[in-house]
Amino acid sequence: MLAFDLGCISYNEAFELQCKAQILVQSGHEDIVFFLEHTPTVSIGKHFGKENVPPRLSEEWQGELAIVHSTRGGNITCHFPGQLVVYPIINLRDRKGGLRQYVHDLEETAIAVLGHFGICAQRRAGFPGVWVGMKKIASLGLAVNRHITMHGIALNVDRNLSLFNVVSPCGLNVEATSIALQLQENIPDLGAVKAVFWNKFRKFFDNAEGSTERFFLSKQDFLHMLDKKDN
């Protein structure tokens with residue numbers, strides 16, 4: 001399993017990279033995980049969410065906000081710098097439990113990450129994602145093609161959740177929260193959260209119990225890997 005840190009990139013660029021990674025994994029390549037932030041984006045699910053976009057939202061943000069229709073499931077959600085987005089490109093054929101277990105383990109990873117920083121988080125029956133009390137701290141949206149996953153989970157880290165003031169998570173009348181808002185002090189930076197997420201993720205998905213590996217490849221490494229395969 002390889003992890004790539006893509007930095008802060010647009011939703012559409014990340015989607016293109018996911019599509020290329022999915023083709024790689026479908027052809028037999030090992031699983032790939034992308035860690036990134038998105039530029040300000042409102043993402044609408046494949047079947048639901050358009051009805052929850054406020055009128056003239058893009059105009060109010062003076063063109064600095066992208067509104068995109070995604071291929072993932074779920075409803076409407078927001079992405080922005082300071083939110084950790086993780087897109088695993090995983091071959092479910094190689095894992096027990098199928099999609100249901102995959103969703104469970106992805107939520108468990110986020111819960112374990114939050115527990116590492118002293119935040120008690122949990123699931124809510126009937127509501128995908130991860131919650132702190134009645135506040136949503138991580139959103140989930142997935143797609144699967146020929147047993148290979150796309151999209152993934154978005155974990156709020158920094159305290160600026162201003163996009164959620166105009167777009168409610170998943171179209172629900174709920175409040176969003178973040179690691180920074182929960183802790184108030186001794187707040188880890190995004191890099192620290194990213195490293196912990198990778199270590200916890202590997203325990204659930206790569207049988208790497210007790211791993212302390214923190215190494216990420218770059219976007220350029222991924223593009224170079226694509227070039228080598230094409231040649």
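Predicted model: local features only at pLDDT ≥ 70, side-chain atom pairs only at ≥ 80, totals over all residues.

User: What makes the pair of aspartate 5 and lysine 194 a salt bridge?

Analyst: The closest N and O atoms of aspartate 5 and lysine 194 are 2.9 Å apart, and a salt bridge requires a side-chain nitrogen of Lys or Arg within 4 Å of a carboxyl oxygen of Asp or Glu, so the pair qualifies. This pair links distant parts of the chain, with aspartate 5 in strand 1 (residues 2-9) and lysine 194 in helix 5, 189 residues apart.

User: How many salt bridges does the structure hold, and which residues are linked in a network of them?

Analyst: The structure holds six salt bridges, and Glu107, Glu108 and Arg123 are linked in a network. Glutamate 107 pairs with arginine 123, the closest N and O atoms being 2.8 Å apart, and the side chains of arginine 123 and glutamate 108 also meet in a salt bridge, at 2.8 Å from N to O. Arginine 123 belongs to strand 7 and glutamate 108 to helix 3, 15 residues apart.

User: How do you know which of these residues are buried or partly exposed?

Analyst: Glutamate 107 has a relative accessible area of 6%, which is under 20%, so glutamate 107 is buried. Arginine 123 at 30% and glutamate 108 at 22% count as partly exposed, because that class runs between 20% and 50%.

User: Why are helix 3 and helix 5 called oblique to each other?

Analyst: The axes of helix 3 (residues 98-116) and helix 5 (residues 190-205) come within 9 Å and cross at roughly 140°. Roughly antiparallel would need an angle over 145 degrees and roughly perpendicular one of 65 to 115, so helix 3 and helix 5 are oblique. Their crossing is right-handed.

User: Which residues make the contact between these helices?

Analyst: Among them are Tyr102, Leu106 and Val113 of helix 3, and Val196, Phe197 and Phe201 of helix 5. By class, the contact has 11 nonpolar, two polar and three charged residues.

Notes
Residues numbered from 1 in each chain as written. Heavy atoms only, no water. Axes fitted to C-alpha atoms, helices over the stretch in contact; angles between N-to-C directions. Helix = DSSP H or I, 4+ residues; strand = E, 2+ residues; numbered from the N terminus. Parallel < 35°, antiparallel > 145°, perpendicular 65-115°, else oblique. Left-handed = near helix turned anticlockwise from the far one by under 90°. Contact = heavy atoms within 4.5 Å. Nonpolar A, V, L, I, M, F, W, Y, C, P; charged D, E, K, R; others polar. Buried < 20%, exposed > 50% of the residue type's maximum accessible area, 1.4 Å probe, protein only.
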